[in-house]
Amino acid sequence: MGSGIGRLARHEIDDQISKVSQGCETIAAALYTIDAHETNGYVRTNDLGGATGELWQATRPRIGPLWEGFANVRDHLEQIRGVRGTRNRLTDATLLELSRLLYSPVSGFDLRPHAAVTALNASCQEVIRVLDRIASARAEVAAWAAELATGLSDLATAETNLTDGSDTIAARLRATCQQLQHAALADPVGAVLDPGERVRLRSTVTATAARFTALAGIRDTVPGRIAALHQTLATVTAAQDRAHAAYERATDRIADPGLAEPVDPVPELWAAATSLVRRTPSEAEGWATVADQLTALEGEASAALAAAADRTRVADGLIGRRDELRGRLEAYRAKAVRLGRAEEPRLTGLYSTARDLLWTAPCDLRAATRAVHAYQQALTGNVERSAG
């Protein structure tokens, strides 16, 4: 033992042999894990590229030497065990020989047995980590593909529910998915490191399926909305009839009422609504267009209803103004009687002028308003006070 290391005691020798033996068992288990690893079949039967190919090319050459190194350590251990035997008492010469063997480098290693098994086990674990990494990447790719397959199935169902099923978005996205999956399986590690395109595809599938589902919801509301639109148009028709009748009354009873000739939008709205009922879009997005057109028609129908009500209000308001002036004139006439002034020539003339204007058809509402105001001023004496 020229290295200067002295003779080990028997218990030290037995402790070292135990550690080396345990190390060999650990290495044997690790080598079995490597040999039986699920990744082996994949790397042997696939043309790997990218990060996976680089990783495996760097790892594969290490596996053979692991077995060789294990065989050398095991042979060295067997040699030590042969010298040790099963004796309880060992001679000095035997202790020296065992000490020499325990501190001698193992063949193929520049390390003594205990250090050799430690280094060998570390190398095995590094290889296992590489195999696990590739397996984990493959599992992630498979999970992505399975998730996307489910999403594509949902997308296809949603799209078929809206279209005739030819040249579908789902089919085109499925083809893209298959291309990505093929590329990802050829380099799963690289795919995991750079998932951008796969993530974008998954987002596209999810968003498209959601869009089709929303469009189906839109389509399903169309019949109910059209039925409601028909009811609204019926209401508009009745409102238009009232507006026209009010217009006829106003133009018959009020001179120059300033009312525009009423235009009936209902026939055009009915025609547009009927066209929508008959329309079945050939593409899914067509339902969004139908919904937009229906929304526009609903808005036009509501506006027409409001406009008809407004025209009725304005026309009836003119007659109401005339009736209000009639009532006001008669009220002031009654006041003149109470005051004993009803027969005053001036008041009688103003009253007659106002009454003739108000009870003549068509009524000049502007002139009648001025006449009633003049009668009111004359009765209350405001005109004289203002002049004084």
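Which residue just after helix 10 takes a positive phi? That's Gly340, at about 75 degrees. You're looking at a predicted model, where local features need pLDDT of at least 70, side-chain atom pairs count only at pLDDT 80 or more, and totals for chains, interfaces and linings use all residues. Residues are numbered from 1 along each chain as its sequence is written, and side-chain values use heavy atoms, with hydrogens and water left out.

**Helix 10**
- Helices here are DSSP runs (H or I, at least four residues), numbered from the N terminus.
- Helix 10 covers residues 286-339, 54 residues in total.
- From first C-alpha to last, helix 10 reaches 77 Å, close to the 80 Å expected (1.5 Å times one less than its number of residues).

**The cores**
- A nonpolar core is a set of buried Ala, Val, Leu, Ile, Met, Phe, Trp, Tyr and Cys residues joined through side-chain atoms within 4.5 Å; buried means under 20% relative accessible area (1.4 Å probe, protein chains only).
- The largest one has 38 residues, and Ile34 and Val73 have the most contacts inside it.
- Helix 5 (113-160) is among the helices that each supply at least two residues of this core, and its share, 10 residues, is the largest.
- A second, separate core has 37 residues, including Ala184 and Ala273.

**Val73 and Leu77**
- Leaving aside neighbours within four places in sequence, Val73 is in contact (heavy atoms within 4.5 Å) with Cys24, Val106, Phe109, Ala116, Val117 and Leu120.
- Leu77 sits in helix 3 (residues 50-84) and is buried, with a relative accessible area of 3%.
- Not counting residues up to four places away in sequence, Leu77 touches Ile17, Val20, Ser21 and Cys24.

Conventions. Buried means under 20% relative accessible area, exposed over 50%, partly exposed in between (1.4 Å probe, protein chains only).
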